[in-house]
Amino acid sequence: MKKAPEFTLPDQNGVIKQLSDYKGRWVVIYFYPKDDTPGCTTEACNFRDSRDLIAEYGNAEVIGISKDSVASHRKFADKHKLNFTLLSDSDGSVTEAYGAWGKRSLFGRNFNGILRNTYLIDASGKIVKVYEKVDPKEHAGEIISDLRAQQLKT
C-alpha cells in the first residue's frame, strides 16, 4: 500500500481542503471527467444516495475531483443536492499525481483526459484499493462492500 498523494484544493464553496484534514478517517476519492454530464451525474447521485452507508464504515468521507471550476462544482452540487465535497483541480496536478489522467476514447475519438478512477484510502492515509474504469451506476455499492470487508478485518 502506498501513501495517498497530499493535495490542497478548493471545494465547491471555495474552502481550501487538504487530504490531511481527513486524517483518522477513511476517504473515498473519485475522479470524474465533467460536471453535469450523464455518466458523471449518475455517479455523483449514486454516491449522494449511498453516502450514509459509506459513512457507517470507518467514518468514511466521499470526495469528488475534476478539473471543473469552483463555480461549476457549486452549480452541480446545488442542482443535484450533492451531500459531499467536490474539489476543483483546475491545473490537473492532483489528478496526475493519483494516476487518474490518461488516454481516453469517446465516440471514436482518442484524447487525454480524466479517467474515471476511485481511490479507497484508509485512516492512516494509505491507498488500499484502486478502482479503474468504474461503472457509475454500480460503483458506490462496490465501495460499501469493500469498506464493510475492511471493517471486518479490524
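In what order do the strands of the open sheet of 5 strands stand? The order is β5-β4-β3-β8-β9, and the pairing is mixed. The model is a predicted one, in which local features require pLDDT of at least 70 and side-chain atom pairs count only at pLDDT 80 or more, whereas totals for chains, interfaces and linings use all residues. Residues are numbered from 1 along each chain as its sequence is written, and side-chain values use heavy atoms, with hydrogens and water left out.

Helices (H or I, at least four residues) and strands (E, at least two) are DSSP runs numbered from the N terminus, and two strands are taken to pair if DSSP finds at least two bridges between them. Strands of a sheet pair through backbone hydrogen bonds, either parallel or antiparallel. Strand β4 (residues 61–66) runs parallel to β5, to which 4 bridges join it; S66 is positioned opposite S88 in β5.

Axes are lines fitted to C-alpha atoms, for helices over the stretch in contact, and angles run from 0 to 180 degrees between N-to-C directions. Helix α1 lies across β3 (27–31), β4 and β8, at about 175 degrees to β3. Helix α2 packs on the sheet and touches β4 and β5, its direction making about 160 degrees with that of β5.

Within strand β5 (residues 85–88) is T85, which counts as buried because its relative accessibility is 10% (buried, under 20% relative accessible area; exposed, over 50%; partly exposed, in between; 1.4 Å probe, protein chains only). Apart from neighbours within four places in sequence, T85 contacts D11, Q12, Y22, V62, I63 and G64.

A nonpolar core is a set of buried Ala, Val, Leu, Ile, Met, Phe, Trp, Tyr and Cys residues joined through side-chain atoms within 4.5 Å. The largest such core holds 23 residues, of which Y30, F47, I54, F84, L86 and L147 touch the most other members. Two or more residues are given to this core by each of β3, α1, α2 and α4. With residues up to four places away in sequence not counted, I54 touches V28, F47, A60, V62, I143, I144 and L147. Another core, of 18 residues, lies apart from it and has I65, V94, I114 and I121 among its members.

Salt bridges (a side-chain nitrogen of Lys or Arg within 4 Å of a carboxyl oxygen of Asp or Glu) number 8 in the model. One of them joins the side chains of R116 and E43, at 2.9 Å from N to O. This pair links distant parts of the chain, 73 residues apart: R116 is in the loop between β7 (109–114) and β8 (118–121), and E43 is in helix α1 (residues 38–56). R116 is buried at 19% relative accessibility, and E43 is buried at 0%.

In the salt bridge between R74 and D78, the closest N and O atoms are 2.4 Å apart. These residues are separated by about one helical turn because they are 4 residues apart in helix α2 (residues 70–79). Both R74, at 28% relative accessibility, and D78, at 45%, count as partly exposed.

Terms used:
Contact means heavy atoms within 4.5 Å.
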